[in-house]
Amino acid sequence: MAVASGCRRALRAIVLVGVLLVLAVAAVALWGWQRYQGFQSAPLPGLHTGQVVQVKQGDSFRAVLARLRAQGINAGTDLEWQLLARQLDAAGKLKVGEYALDPGTTPRTLLQNMRAGRIIQYRFTIVEGWNFRQLRAALDAATPLLHQTRQLDDAALMAAIGHAGQHPEGRFLPETYLYVRGDSDLDVLKRAYEAMARALAAAWAERAADLPLTTPDQALILASIVEKETGIAEERAQIAGVFVRRLRLGMKLQTDPTVIYGIGSAYDGNIRRRDLATDTPYNTYTRSGLTPTPIAMPGRDALQAALHPAPGDALYFVALGDGSGRHVFSATLAQHNAAVRQYLDRMRRPPLPEEQAALAPADAQAGPAPDARIGPR
């Protein structure tokens, strides 16, 4: 009986130890699970705005984790990161690209972004009215865009985007383009070129009837002139109407932005009387019709204005001179010269020589068409 009693005591002890071990294991497992849950949902410490991590082609998950560790991200064990990656079906499926490590980012959010390819996108904006020289300068300054065009002249650049022999001016649609690290300036230019081609084709297909324009390229040229003449949205169609009527009548356009474009990089901010008289292919005071190429990048609204000009009888316009950027439109030379004098009165100063020249007859057909901003240029 003593032996049996001792066996029972031993058995109870074994059971008790077993129970304690199970409880200990359960406690450890519960602690580990709670730790894991806290790890995956807690913001990573030490992150700062603008911090990024890159997943490169061929990277393993271990390589990406090592890159995170190198940036001082010590949260979680490697095992916890690997378990989370498997739970999210992210292991081996991380998308190549650059990912934000903004403050507040959790391990779960980061791996979900990498699994879904939510990479950082950068913006590059082509501004309405920029010329191609300005566009190239802005591209050169854009980061982290790769620069593949810096050593190319304009002709070589156009060949590189697949349009050899075409003049680049006006061919790139003013919009904001998204790109990612690894994209190049050629990538952006190709997209902007294709966007302009689509916008121009769509506008041309819906153009008003009986325009004195025979090709989409002529529409692009006129739109670029309209773009440079006004920043007031509701005036674009009115200004297009003036130019369309002048083209129909065979009158010179006589618009300063074309003269400025012809001067090129030598333009110092002022147009002088000699500039209006100096013939260049772009001087619409000395040459009739449209310029040989666009003079800027017109936006969609300028394209629409050029192909849907406002009706009316105005053949002239001049700045109102009140700081609004608006213009006065006139049907006759007498009305226009009166508007020019009113502009000069508002400026409270005598006309400069080149402005006085604008009040004198400039052609035998219809007199002068002073530029749209008579006065300081």
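In which loop is D89 found? D89 is found in the loop between α3 (78–87) and β2 (97–100), where helices (H or I, at least four residues) and strands (E, at least two) are DSSP runs numbered from the N terminus. Before I go on, this is a predicted model, in which local features need pLDDT of at least 70 and side-chain atom pairs count only at pLDDT 80 or more, while totals for chains, interfaces and linings use all residues. Residues are numbered from 1 along each chain as its sequence is written, and side-chain values use heavy atoms, with hydrogens and water left out.

Let me stay with the backbone for a moment. Most residues other than glycine have a negative phi, and most peptide bonds are trans. Phi of D89, however, is near 55°, a positive value in a residue other than glycine, and D89 is partly exposed, with a relative accessible area of 38%; here buried means under 20% relative accessible area, exposed over 50%, and partly exposed in between, with a 1.4 Å probe and protein chains only. D210, in the loop between α7 and α8, also has a positive phi, of about 65°, although it is not a glycine, and at 69% relative accessibility D210 counts as exposed. As for the peptide bonds, a cis bond with omega of about 5° joins T143 and P144, and P144 has its place in the loop between α5 and α6.

F172 and Y193 form an edge-to-face pair, at 5.9 Å centre to centre with 65° between the planes. This pair links distant parts of the chain, with F172 in the loop between α6 (154–160) and β4 (176–179) and Y193 in helix α7 (residues 185–205), 21 residues apart. Both F172 and Y193 are buried, and together with F132 they form one aromatic cluster.

The charged end of R207 sits over the ring of W204, 3.9 Å from its centre, and R246 lies over the face of Y316, at 5.1 Å from the ring centre.

I will finish with a contact between loop and chain: N74, found in the loop between α2 (61–70) and α3, counts as exposed at 61% relative accessibility. N74 and P45 are 29 residues apart in sequence, and their C-alpha atoms are 8.3 Å apart in space.

Technical notes: Phe/Tyr/Trp six-rings, centres within 6.5 Å; stacked < 30°, edge-to-face > 60°. Lys NZ or Arg CZ within 6 Å of the ring centre and 35° of its normal.
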